[in-house]
Amino acid sequence: MSLSYQFLVVASCQRQGLLTTGNWQLLYHFFVHALAERLLKAIRKQESIHAGDRMAVAVSGGADSVALLRLLLELRGELGIVLSVAHVNHKLRGAESDEDERFVAELARQHGLDLHVCDGPVDRSLRSESGSGIEAAARELRYGFFRQL
């Protein structure tokens, strides 16, 4: 389903007064289902996931990783996979980082998924002018944690 078609559906629903609180869930499912179907097609084409696979989904708490988790939740029955959630708290944003961890833990709990958490503070002295030093160190820590799962 094309993005322009999706916008037409939303505009039509708005004009007809159908976007009340209760209808958002239906509209959400409509769009998510279409995206999940596209993801399923790509997975099957690439043969990247197989029935019986156990997958830990890396979830930071941001929109992208939460969206990926929700799409895989929608597809897990069809794919025959077992999902869990992996989260690394680098402690770079203080209380905000801890809140992300709590959010991810609650998301995993709501869906009955195992949660793997790593407290992975990154040495702030690695920060370069571009910020890539600390980002690279954080990425290496995450990858190391993911390899252990």
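**Salt bridges and the sheet**

Mentor: Lysine 91 and aspartate 119 form a salt bridge, with 3.8 Å between the closest N and O atoms. The term denotes a side-chain nitrogen of Lys or Arg within 4 Å of a carboxyl oxygen of Asp or Glu. This is a predicted model, in which local features need pLDDT of at least 70 and side-chain atom pairs count only at pLDDT 80 or more, while totals for chains, interfaces and linings use all residues. Residues are numbered from 1 along each chain as its sequence is written, and side-chain values use heavy atoms, leaving out hydrogens and water.

Trainee: How many residues apart are lysine 91 and aspartate 119?

Mentor: Lysine 91 sits in the loop between strand 2 (82-89) and helix 4 (95-110), and aspartate 119 belongs to strand 3 (residues 114-119). Helices (H or I, at least four residues) and strands (E, at least two) are DSSP runs numbered from the N terminus. The pair links distant parts of the chain, and the separation is 28 residues.

Trainee: Why does lysine 91 count as partly exposed?

Mentor: Buried means under 20% relative accessible area and exposed over 50%, with partly exposed in between (1.4 Å probe, protein chains only). Lysine 91 therefore counts as partly exposed, because its relative accessibility is 33%.

Trainee: Which residue forms a salt bridge with arginine 93 at 2.8 Å?

Mentor: Arginine 93 is partly exposed, with a relative accessible area of 42%. Its side chain meets that of aspartate 100 in a salt bridge at 2.3 Å, N to O. At 2.8 Å between the closest N and O atoms, the partner is glutamate 96.

Trainee: In what order do the three strands form the open sheet?

Mentor: Two strands pair if DSSP finds at least two bridges between them. Strand 2 and strand 3 run parallel and are joined by six bridges. The pairing in the open sheet is parallel, and the strand order is 1-2-3.

Trainee: What angle does the direction of helix 4 make with that of strand 2?

Mentor: Helix 4 packs on the sheet and touches strand 2 and strand 3, contact meaning heavy atoms within 4.5 Å. Axes are lines fitted to C-alpha atoms, for helices over the stretch in contact, and angles run from 0 to 180 degrees between N-to-C directions. For helix 4 and strand 2 the angle is about 170°.
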